[in-house]
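Visitor: I am new to this structure and would like to learn how to read it step by step. Could you take me through a few of its features, giving the general idea before each case?

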Amino acid sequence: MNEKRFLFLLTLGVFVAVLSEQIFATPTIDVMGSYDFIGVCIRNCAQCKKMFGSYFEGQMCADACVKFKGKIIPDCEDIGSIAPFLTKLD
């Protein structure tokens, strides 16, 4: 019986984790009814900063989000979209 309970709780935990990831990945809608691309862009910058640490220039990324009004959204898994914000550490 304990094994069934464990499998149920494990499945439930995975389901909640996947569901919460989908909620955070969904662009939010601002007051005017349009997508908040700047917010999505800045959140992606923060995620990339967490992933790459000191190799990623998070502030420069966030500044680009504001400057270009969220038109260029960084994708941490796409080297082309984050290349301008990566640095080499000596």
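This is a predicted model: local features need pLDDT of at least 70, side-chain atom pairs count only at pLDDT 80 or more; totals for chains, interfaces and linings use all residues.

Visitor: Which residues of α3 are buried?

Guide: A residue counts as buried when its relative accessible area is under 20%. In α3, which runs over residues 58-67, the buried residues are G58, C61, A62, A64 and C65. Viewed down the axis of α3, these buried residues fall within an arc of 155 degrees, so they line one face of the helix.

Visitor: And which exposed residues does the face turned away from the buried side carry?

Guide: That face of α3 carries Q59, V66 and K67, which are exposed.

Visitor: How are α2 and α3 set against each other, roughly parallel or roughly antiparallel?

Guide: The general idea is to compare the N-to-C directions of the two axes, and an angle over 145 degrees counts as roughly antiparallel. Here α2 and α3 pack at an angle of about 170 degrees, and their axes are 9 Å apart. The two helices, α2 and α3, are therefore roughly antiparallel to each other.

Visitor: Which residues make the contact?

Guide: From α2 the contact uses I38, C41, I42, C45 and K49, while α3 contributes G58, C61, A62, C65 and V66. Sorted by class, the contact of α2 with α3 holds eight nonpolar residues, one polar residue and one charged residue.

Visitor: What comes after α3, and where does K69 lie?

Guide: After α3 comes K69, which lies in the loop between α3 and α4.

Visitor: Does K69 count as buried or exposed?

Guide: The cut-off for exposed is over 50% relative accessibility. K69 has 57% relative accessibility and therefore counts as exposed.

Visitor: What does the side chain of S81 reach, and which residues does S81 touch?

Guide: The side chain of S81 reaches the backbone oxygen of D78 at 3.0 Å. Leaving aside residues up to four places away in sequence, S81 touches I73, P74 and D75.

Technical notes: Residues are numbered from 1 along each chain as its sequence is written. Side-chain values use heavy atoms; hydrogens and water are left out. A polar contact is a pair of N or O atoms within 3.5 Å; within protein, one must be able to donate a hydrogen and the other to accept it, and residues adjacent in sequence count only if both atoms are side-chain atoms. Contact means heavy atoms within 4.5 Å. Buried means under 20% relative accessible area, exposed over 50%, partly exposed in between (1.4 Å probe, protein chains only). Helices (H or I, at least four residues) and strands (E, at least two) are DSSP runs, numbered from the N terminus. The arc is that of the directions from the helix axis to the C-beta atoms. Axes are lines fitted to C-alpha atoms, for helices over the stretch in contact, and angles run from 0 to 180 degrees between N-to-C directions. Angles under 35 degrees count as roughly parallel, over 145 as roughly antiparallel, 65 to 115 as roughly perpendicular and the rest as oblique. Ala, Val, Leu, Ile, Met, Phe, Trp, Tyr, Cys and Pro count as nonpolar, Asp, Glu, Lys and Arg as charged, and the others, Gly among them, as polar.
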